[in-house]
Amino acid sequence: MQDESFKRALYEVLEDTGKRKLAARSLRQFLVFLILFNIVLAVLETVPEIRATFGPHLRFIQLGSGFVFLVEYVLRLYVADMHPPLRRYGPIWSRLRYAVHPDAIIDLIGALPLLFVLFLPNQAVTVVVILRLLRFLKLARYSPALRSLISAVVGERKALLGSSMIIFGVILLSATLMYLVEHNEQPEKFRSILHGTYWAITTITTVGYGDVVPVSNLGKLIGGFVMLMGYGLIALPVGIIASAFAREIHSRDFVVTWSMVARVPLFEDLKATEIAEVSKLLQAQKVRKGGVIAEQGDVADRMYFISEGEVAIKLAHDTVYLGEGSFFGELALINQSRRTATVTAYRDCQLLVLESDALQHLMDKDETLAKKIMDEARERVRAGKKVLGELAEEELQQAGVYASVDRSDEEPELSFNEDPETDRTPAK
């Protein structure tokens, strides 16, 4: 049982899941620093003066870093059978399947330099240098933006392949024309179509080194046309990747936002399309560390989702801390009372805000949605859900706090007009 709890804790720290956010964040920051530090050392080690002066120290640091990456790889293999998609394969097959996953292969590449240095110290110098530099690929695990960019490139691989074929076709045609026109004028520089290809590549990519240029009038005319064409050709893959990257970021943000809204008890019975409609009402708000998000005594007319950072909610007897992925102020959507707690940003926060007026407007347009939300609210009242200050019972459980009977208030009465035939303006 102890081994299982240790394995679970290790999995939560390595994969940044569960409640061990501080340990997971510290490990992630340490590994990112170590990766960047190793890349810098691998580059500096190629300088003869630095290698002659600090060679033994650099070697010791590289060995230590390699050992850390090797241990990380082994531990990730050890907890591989705890990944939800792999659990059904058992302890052996789940690890084998994980080992061929791109992330695991990149982790293995990060650990290989240590093995090469230990077992092939003289024969694998070039390979070791390359593998050390390839450790920067590990950053993709810790950078959602980099992973999104890779996904965008993979998703648009057919379009990119098509644009590449067009570019290479134009290069070949330009090189052939320039060879035919300039071969007699410059037999040394345009000896073959292959030599013309070098000129075509530097011209179409708008680099233009100037070491090979046409001298005939017809060659200059062709060269000018190829230069102008180069701008449009290079824009093809750039535009494809840019649009795919923006779409990937939008999709990821939508999924994250949708999942946060779906966790709110007030919306848990809604359909996916209805949750999506509620998600569209969210507005972004950024609050610096120490900034006040909600003041005690203000009208509670909005709820908050924490997409990044952590907030501190100062209650009469406690201070409750909520982190990334949590939500608070749900009661503000159904009862606009005065806030009984002050909410501040414990760290820099990126919040998503849902205002009660916006939700009310959506409910006015969709009676089915309004009925589902109000039915859920009434059910929670009948179930005797407790509240502590500004937090409902489900919100307290996010922070590991539970409202006790002697310190909790009764669920407030619902403020939305429950008659669908009349105006549902919230009670003031």
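In what order do the strands of the open sheet stand? I put this question to a predicted model.

**Entry 1: the sheet**

I looked up the sheet and found that its 4 strands follow the order β2-β7-β4-β5, with antiparallel pairing. I then asked which strands stand at the edges. They are β2, residues 292-294, and β5, residues 319-322. Each has a single partner strand, so one side of each is left without a neighbour in the sheet. I also noted the twist, which averages 30 degrees from one strand to the next.

Next I turned to one pairing within this sheet. Strand β4, which covers residues 311-314, pairs with β5 in the antiparallel sense, and I recorded 4 bridges between them. Within β5, Thr319 is the residue that stands opposite Lys314.

**Entry 2: aromatic pairs**

How many aromatic pairs does a search of the whole structure find? The search returned 3. I examined Phe33 and Phe37 among them: their ring centres are 5.7 Å apart and their planes lie at 5 degrees. Planes under 30 degrees apart count as stacked, and therefore this pair is stacked.

I checked where these two residues lie in the chain. Both belong to helix α2, residues 21-44, and they are 4 residues apart, about one turn of the helix. Phe37 has 31% relative accessibility and counts as partly exposed.

I next looked up Tyr304 and Phe328, which also form a stacked aromatic pair, with 5.1 Å from centre to centre and 20 degrees between the planes. This pair links distant parts of the chain, since Tyr304 is in strand β3 (residues 302-308) and Phe328 is in strand β6 (residues 327-328), 24 residues apart.

**Entry 3: charges over rings**

Finally, I looked for charged groups over aromatic rings. Which residue has its charged end over the ring of Tyr78? I found Lys7 there, 5.0 Å from the ring centre. I recorded a further case at Tyr89, where Arg97 lies over the face of the ring at 3.9 Å from its centre.

Terms used:
Residues are numbered from 1 along each chain as its sequence is written. This is a predicted model: local features need pLDDT of at least 70, side-chain atom pairs count only at pLDDT 80 or more; totals for chains, interfaces and linings use all residues. Side-chain values use heavy atoms; hydrogens and water are left out. Two strands pair if DSSP finds at least two bridges between them. Helices (H or I, at least four residues) and strands (E, at least two) are DSSP runs, numbered from the N terminus. Axes are lines fitted to C-alpha atoms, for helices over the stretch in contact, and angles run from 0 to 180 degrees between N-to-C directions. Rings of Phe, Tyr and Trp (its six-membered ring) pair if their centres lie within 6.5 Å; planes under 30 degrees apart count as stacked, over 60 as edge-to-face and the rest as tilted. Buried means under 20% relative accessible area, exposed over 50%, partly exposed in between (1.4 Å probe, protein chains only). A charge sits over a ring if NZ of Lys or CZ of Arg is within 6 Å of the ring centre and within 35 degrees of the ring normal.
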